Amino acid sequence: MKFGIVSFPGSNGDFDAYQSVAETLGEEAVYLWHKDHDLQGCDVIILPGGFSYGDYLRAGAIARFSPVMQDVVSFAKSGGPVLAICNGFQIACEAGLLPGALLRNESLKFVGELVRVRVETTDTMFSNRYEAGAELRLPIAHGDGRYTADSETVDRLEGDGRVVFRYIGGPADADEWWSPNGSTRAIAGIVNEAGNVLGMMPHPERAVDPLLGSADGLAVLESLLARVAV
Amino acid sequence: MSHYRVAVHITPRRGILDPQGKTVADALHTLGFSAVQDVHVGRYIIVELDAANSNAVEQSTREMCERLLANPVTEDFAIASVEPI
């Protein structure tokens, strides 16, 4: 399976994504340049984390108009799998691939730590290799991760089983709904209506080996491998 | 064609949590401005462009806001001024 990882100016998760696919998963990975109109026949596109275009205006607002994004949007609209991580999630929302928006963390602080995340559904091409309800430890690193959408949209996401990951736990004395960024209903990751675009703020590609502190993210890539026909 | 300068306000939509505005309001309270009820922090964008007339400027600016300058999910925009320069 061939994974294409888009490099925008300011991306910093592209190398991690590349490593996780090429080294850990053992599949083919290529970088896709933001100025090209060429997805190089990739089976899966990863929009990586980082600070594309310096987060100018709004996180993801400029990147969505990159030449390559026109091709990524067509790819996604025709059912191609897109894994949008962190800044990639912000870009996917700005591009209209996912509903809602990611706003400044409620604390106004950048949060970089290992957090607990629960798998809310295994019925997606991104999460079928997890156990239902599994609790994962995944790193987050963002200043704008507060998922926001109108309550009608959020109700629909919940009702359709499109909330894939949710923050849980946190400080020992916090309640079930603690979230590191103030996300609506502690949402950490969602899929689009067709189920082929996943946006998530935590970094599965940075949690693929116990040496990194957690290997809980690897199953996102393994799920794609299991489900996507090449 | 004339040269215009247009100013746009972008503000967080009412009802959406605005932690930045709340923090500024808290700071103003600390400074003794106890009458302050609410604060919202947004952006002020100045665009210079060529257009046939001020109507065309407004139309074009509106489109810029809808497509890029503001996020329709979370922000409102208002054209603050249009002036020939």
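Me: So what about helix α3 of chain A, how many of its residues are buried?
Reply: Eight of the eight residues in α3(A), residues 87-94, are buried, so the helix is largely enclosed by the rest of the structure. Buried means 20 or more other C-beta atoms within 10 Å of the residue's own, with 12 or fewer counting as exposed, anything in between as partly exposed, and C-beta atoms placed from the backbone. Helices are DSSP runs of H or I with at least four residues, strands are E runs of at least two, and both are numbered from the N terminus.

Me: Is this a predicted or an experimental model, and how are things numbered?
Reply: This is a predicted model, where local features need pLDDT of at least 70, side-chain atom pairs count only at pLDDT 80 or more, and totals for chains, interfaces and linings use all residues. Residues are numbered from 1 along each chain as its sequence is written, while chains are lettered from A and ligands numbered from 1 in the order in which they are written.

Me: OK, what covers the buried residues of α3(A)?
Reply: The cover includes β3 (44-47), β4 (82-85), β5 (101-103) and β11 (197-200) of chain A. Just after the helix, A:G96 has a positive phi of about 80°.

Me: Which residues touch the most others in the largest nonpolar core?
Reply: A:V82, A:A84 and A:A92, out of 71 residues in that core. A core here is a set of buried Ala, Val, Leu, Ile, Met, Phe, Trp, Tyr and Cys residues joined through C-beta atoms within 7 Å.

Me: And what does A:A84 touch?
Reply: Leaving out residues up to four places away in sequence, A:A84 touches A:L47, A:F89, A:I91, A:A92, A:V197, A:L198 and A:G199. Contact means backbone-placed C-beta atoms within 7 Å.

Me: Switching to sheets: what's the strand order in chain A's open sheet of nine?
Reply: β2-β1-β3-β4-β11-β10-β9-β6-β7, with mixed pairing. Two strands pair if DSSP finds at least two bridges between them. β2 (28-33) and β7 (135-142) are at the edges with a single partner strand each, so one side of each has no neighbour in the sheet.

Me: How do β1 and β2 of chain A run?
Reply: Parallel, joined by six bridges. A:G4 has A:V30 as its bridge partner in β2(A).

Me: And chain B, what's the order there?
Reply: Three strands in an open sheet, β2-β1-β3, antiparallel. β1 (residues 2-12) pairs with β3(B) over nine bridges, and B:R5 is partnered by B:E83.

Conventions:
Two residues are in contact if their C-beta atoms, placed from the backbone, lie within 7 Å.
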